[in-house]
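Here are a few notes to read alongside the structure. Keep it open and look up each residue as you go.

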Amino acid sequence: KNKKEIKFYKFLQFEFFKQWTGLKSYANEKGIQIVGDIPIYVALDSADVWATPELFQLNEKRRPIAVAGCPPDGFSATGQLWGNPLYDWKVHKKTGYEWWIARMRKMRELYDVVRIDHFRGFDEYYAIPAEDETAENGHWEKGPNLDLFKKIEESVSDLSIIAEDLGYMTDSVRQMVKKSGYPNMKVLEFAFDGRDSSKPGREKAKTNDYLPFNYGKNCVVYTGTHDNETLVGWLSSIKPAEKQELMDYVDAPVGISDRELAKKVVRLALASTADYCIIPMQDYLGLDNKARINFPSTIGTNWLWRMEDIPEEKMKLLAKEIRKLTVLYGRG
């Protein structure tokens, strides 16, 4: 009955994987590794839920009992209601986590490094009643912790993982990340956003995980991620006291433009002790929030930015600058 539509989507997938494997091979031949993002959850209307409903918290009508999201935070006063069905971790454990192993094996084919989104959700996950319209009434439930990743590592060879451990952190999450041995994430915009403003200076400095002097080596530093404002956009929106703190930190002169200050933040990331450093192209180009990728808790206008209409001469100069900084800070 649906043969024509099925064949169409098979064709789309065939073309996508043909193009993707060609792109990945070309990048790898040039010594470039691709970091791929894997969401912790899948969609309710996904093939995964349709084919294996027993792995998810669904009722007898195969509708979610509770859904995923995160509590109120700096991004959203009512929290984030993602709406994904939650895993039934007891069933996954009984299967030896075979679905997750298959998923990670496929990710290893697609990417060289896998960044696992919402890593803290494997320690505890936020469960929101399925009928709710905001995330305010959710509660935390226990996840599989490192038991899952031990099974994955036993079955998937040569797997490189980055743990996205941003958001609300607890001691048990910190311990899980540390025991995993995976590099975790540091975001420089978070270092100067006033989150610890109630603490005295010395205590604030010691407890702010995003300030570079608190980094270890086994981490990945970003100026900002896809969920953040661009550096120039962020600098135009933070409070004067926060900007002054950043200016003092990088020894910036009075009257410095946001674009020039953004360049200093890029250097701050590159000069840090973090083993890995990722700078969004928007920040290298000094673009404002018109080039922002994603606005959390919104749909319809995200992931649309493309690196277009940039003069070739400007890109050549930028390439020379990136090379210079890469060599200067020992990242070549």
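1. Let's start with a term: a salt bridge is a side-chain nitrogen of Lys or Arg within 4 Å of a carboxyl oxygen of Asp or Glu. By this rule the count comes to 14. Bear in mind that this is a predicted model, where local features need pLDDT of at least 70, side-chain atom pairs count only at pLDDT 80 or more, and totals for chains, interfaces and linings use all residues. Residues are numbered from 1 along each chain as its sequence is written, and side-chain values use heavy atoms, with hydrogens and water left out.

2. Take a look at E260, which forms a salt bridge with K263, with 3.4 Å between the closest N and O atoms. Both sit in helix α11, three residues apart, about one turn of the helix. (Helices are DSSP runs of H or I, at least four residues, numbered from the N terminus.) An α-helix has 3.6 residues a turn, so residues three or four places apart point the same way.

3. K316 and E312 also pair up, at 3.7 Å, N to O. They are four residues apart in helix α13 (residues 312–328), so about one helical turn separates them.

4. What does the salt bridge between D258 and K243 tie together? These side chains meet at 2.8 Å, N to O. D258 lies in helix α11 (residues 258–271) and K243 in helix α10 (residues 240–250), so the pair ties together parts that are 15 residues apart in sequence.

5. Finally, salt bridges that share partners join D37, R115 and D117 into one network.

Definitions and conventions
Helices (H or I, at least four residues) and strands (E, at least two) are DSSP runs, numbered from the N terminus.
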